[in-house]
There are 2 protein chains.
Amino acid sequence: MARAVSETHGEILAAAARQFAVTGYRGTSLQDIAREVGVSKASVLYHFANKEALLAELMAPAIAMLQSLDDKLAGLTGAAAQEVAATGFVDLAVRFRREIAVLRGEFPELLCQPAFTHIQEISDRLRNALAGYSDRPSAQIAALVLLAGISEACAEFVDVPEDDLRPALLTLVRRAVEPVDAPQPQTPTTEDKES
Amino acid sequence: MARAVSETHGEILAAAARQFAVTGYRGTSLQDIAREVGVSKASVLYHFANKEALLAELMAPAIAMLQSLDDKLAGLTGAAAQEVAATGFVDLAVRFRREIAVLRGEFPELLCQPAFTHIQEISDRLRNALAGYSDRPSAQIAALVLLAGISEACAEFVDVPEDDLRPALLTLVRRAVEPVDAPQPQTPTTEDKES
DNA sequence: GCCTTTTCTGACCGATCGGTCAGGCTCTGA
DNA sequence: TCAGAGCCTGACCGATCGGTCAGAAAAGGC
């Protein structure tokens with residue numbers, strides 16, 4: 001009953017992608033994946049050295065695109081960096097919606113795995129760029145809210161067409177991001193008006 | 001070596017809160033919690049019927065505040081609902097940062113548990129309110145991005161003082177939310193300018 | 001035909017999980 | 001002094017986890 005070479009490999013990868021996105025990495029067992037594909041758990045472990053290697057191969061394309069975005073940001077500053085970070089991350093999140101969903105929530109632990117070395121640093125640089133490299137707390141907070149929110153929205157709206165999702169996210173992030181030039185509305189006396 | 005009545009109860013609850021927030025509900029074992037408190041796992045299960053009951057008691061205050069916000073939203077529409085949803089959720093998220101962190105990521109599975117009945121519906125109503133009850137996809141997407149992003153930011157910035165976090169989030173959400181009156185900038189020919 | 005390589009499997013392993021249980025400890029009121 | 005309530009424990013349970021291994025089944029070149 002042996003199949004064509006590496007056909008099963010791809011099927012396992014696809015099943016893992018689906019299940020990781022729904023149940024999470026920890027919440028999905030190799031048995032679950034094997035069952036969906038219709039093979040034994042031992043077969044899954046024949047095609048992939050271990051569960052971690054399965055995850056690594058699954059996330060590789062998304063990580064590569066993130067790395068490339070990081071490279072593009074290297075030489076930019078201010079508003080230009082902000083714009084590249086915004087469009088770049090929206091594109092990435094929309095395209096790799098399922099991969100984003102996998103990482104969602106299990107971030108702190110998954111980041112410890114070899115497959116995700118430097119992801120945290122890249123994310124920090126991305127957030128800084130989106131904040132226009134301002135050290136204002138409000139700019140940093142806005143950038144984090146947007147990055148995390150976009151991730152979550154993409155994971156949630158997996159069935160919304162890319163062409164609907166992308167423009168809406170871009171419009172939002174451009175409206176919401178703290179302008180790099182304007183030194184925040186100077187209302188020092190009214191900033192604690194809500195109590 | 002018996003301690004004062006219910007002293008251990010509180011210590012277990014506090015330890016669970018800390019560990020759930022970092023390692024997640026699934027990723028934290030009763031043994032881990034027991035070890036931090038300095039008691040046996042059996043003792044944890046003496047004070048709490050099971051792991052789920054521990055989580056339920058932990059989340060109760062946050063859920064109560066969410067329920068109260070939902071009640072407040074019941075009679076409101078349009079911009080008023082938007083404002084109440086924004087300030088209400090920011091307050092909730094800032095106050096219950098650790099509880100929010102617990103739910104982060106394990107949402108889909110945790111919601112199945114009895115402790116979280118109706119949370120999904122309340123969240124949907126909250127998102128609708130923040131979208132100004134508009135069925136425009138862009139308004140719904142913006143609302144989801146903001147709710148999820150605020151949650152994540154609060155979980156991330158656990159050590160930032162409330163008084164710094166709250167105004168920044170409020171300013172952001174008011175700037176980012178899609179206005180309920182303005183029928184979105186009419187640029188039908190340029191909305192696909194990015195390609 | 002046969003022999004090698006690739007693919008796949010059932011049986012098994014140690015570890016860990018949430019949870020149970022009988023019994024020991026301490027404190028307190030009668 | 002003693003019985004009982006509250007608190008806590010070690011030992012144990014079945015289930016499930018990721019992972020190993022010897023060997024069967026199929027594929028393919030000769």
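Reader: What makes the relation of chain B to chain A that of a two-fold axis?
Author: A rotation of 180° with 0.0 Å of shift along its axis superposes chain B on chain A, at an RMSD of 0.0 Å. Therefore the two are related by a two-fold axis. The same surface serves both: 100% of the contact residues of chain B recur in chain A.

Reader: What kind of model is this, and how is it numbered?
Author: This is a predicted model; local features need pLDDT of at least 70, side-chain atom pairs count only at pLDDT 80 or more, and totals for chains, interfaces and linings use all residues. Residues are numbered from 1 along each chain as its sequence is written, with chains lettered from A and ligands numbered from 1 in the order in which they are written.

Reader: What makes two residues "in contact"?
Author: Their C-beta atoms, placed from the backbone, lie within 7 Å. By that rule, 35 residues of chain B are in contact with 35 residues of chain A. α9(B) gives the most to that side of chain B, with 13 residues. Helices here are DSSP runs (H or I, at least four residues), numbered from the N terminus.

Reader: How do you know how α4(B) compares with its expected span?
Author: The expected span is 1.5 Å times one less than the number of residues. α4(B) has 23 residues, and 33 Å is expected.

Reader: Where does α4(B) bend?
Author: At A60(B), by about 50°. That is the angle between axes fitted to the seven residues ending there and the seven starting there. A proline, P61(B), follows within four residues.

Conventions
Copies are superposed by least squares on the C-alpha atoms of residues with pLDDT of at least 70 in both. Helices (H or I, at least four residues) and strands (E, at least two) are DSSP runs, numbered from the N terminus.
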